[in-house]
Amino acid sequence: MTGTESDNPATGDLLDVYLPTYDVVLTEHLTVEADVSATYRAAHDLDFLRVRTPLLTAAFFVRGLPARLARRPAPTLPELRMFADPSSAGLPGWLVLGQVPDREIAFGAVGKFWQPDIEWRDVPREEFAAFDDPGWGKIGCHFLVRPNGANRSVLSYECRTSTTDPRSHKRMMRYWWLIRPFVGHIMRATVRTIAADARRGT
């Protein structure tokens, strides 16, 4: 991903602008013992490779197992950030849809997510909302930060999916039924990591 200029929609959130209608949605909320600015900064600077739980560690091990069995080095990345500088890695296939400082960061992707090897489709940000070529799915997500008293905030992480035709919808729904628990697990681990970073001021 690369950074974008800040946005400020007249009404609603950026996620409602870029993916207002969707098939499924999953949301996680967490109260953070840090103010809005610190929480937003932690979400903005998150290295997704630092999101770790025993289940995620096992999943990464299984994913790299074929390479190890073939005695090939498994690919590694130094970091994985939304707002990547030229020397680091962004999130493959994803783009930043917009940001409202100290409030919201929206990001999304277009792909065939139900395939064993995901096929990504590069779609410019300005075409994301209207994109409807048959055979594809869209994911829209955001980190939303709201104040909750003195030096506290509420962090929300929401992910939505939509599809562009009935056949893709059926495929996505079957896939979602399988992966939904794992997606929720990752999202909960992600907001906990952001909250810990915000408390430390990193």
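This is a predicted model: local features need pLDDT of at least 70, side-chain atom pairs count only at pLDDT 80 or more; totals for chains, interfaces and linings use all residues.

Modeller: A salt bridge is a side-chain nitrogen of Lys or Arg within 4 Å of a carboxyl oxygen of Asp or Glu. Residues are numbered from 1 along each chain as its sequence is written, and side-chain values use heavy atoms, leaving out hydrogens and water. The chain's average pLDDT is 83, with 77% of the residues scoring at least 70.

The whole structure holds nine salt bridges. One of them pairs Arg-200 with Asp-197, their closest N and O atoms being 2.5 Å apart. Both residues lie in helix α5, three residues apart, about one turn of the helix; helices (H or I, at least four residues) and strands (E, at least two) are DSSP runs, numbered from the N terminus. Arg-200 is exposed, at 51% relative accessible area, whereas Asp-197 is buried, at 5%. Here buried means under 20% relative accessible area, exposed over 50%, and partly exposed in between (1.4 Å probe, protein chains only).

Asp-197 also forms a salt bridge with Arg-50, where the closest N and O atoms are 2.8 Å apart. This pair links distant parts of the chain, since Arg-50 is in the loop between α2 and α3 (54–69) and Asp-197 is in α5, 147 residues apart. Arg-50 is partly exposed, with a relative accessible area of 38%.

Another salt bridge joins Arg-152 and Glu-33, with 3.3 Å between the closest N and O atoms. Arg-152 sits in the loop between β5 and β6 and Glu-33 in the loop between β1 and α2, so this pair ties together parts 119 residues apart in sequence. Arg-152 is partly exposed at 33% relative accessible area, and Glu-33 is partly exposed at 47%.

Now the surroundings. The largest nonpolar core has 37 residues, and those touching the most other members include Phe-107, Tyr-157 and Ile-194. A nonpolar core is a set of buried Ala, Val, Leu, Ile, Met, Phe, Trp, Tyr and Cys residues joined through side-chain atoms within 4.5 Å. Helix α5 gives the most to this core, with nine residues. Helix α2 (residues 36–44) has buried residues too, among them Val-36 and Tyr-40, and what covers the buried residues of α2 includes α5 (166–200).

Notes:
pLDDT is the predictor's confidence in each residue, from 0 to 100. Contact means heavy atoms within 4.5 Å.
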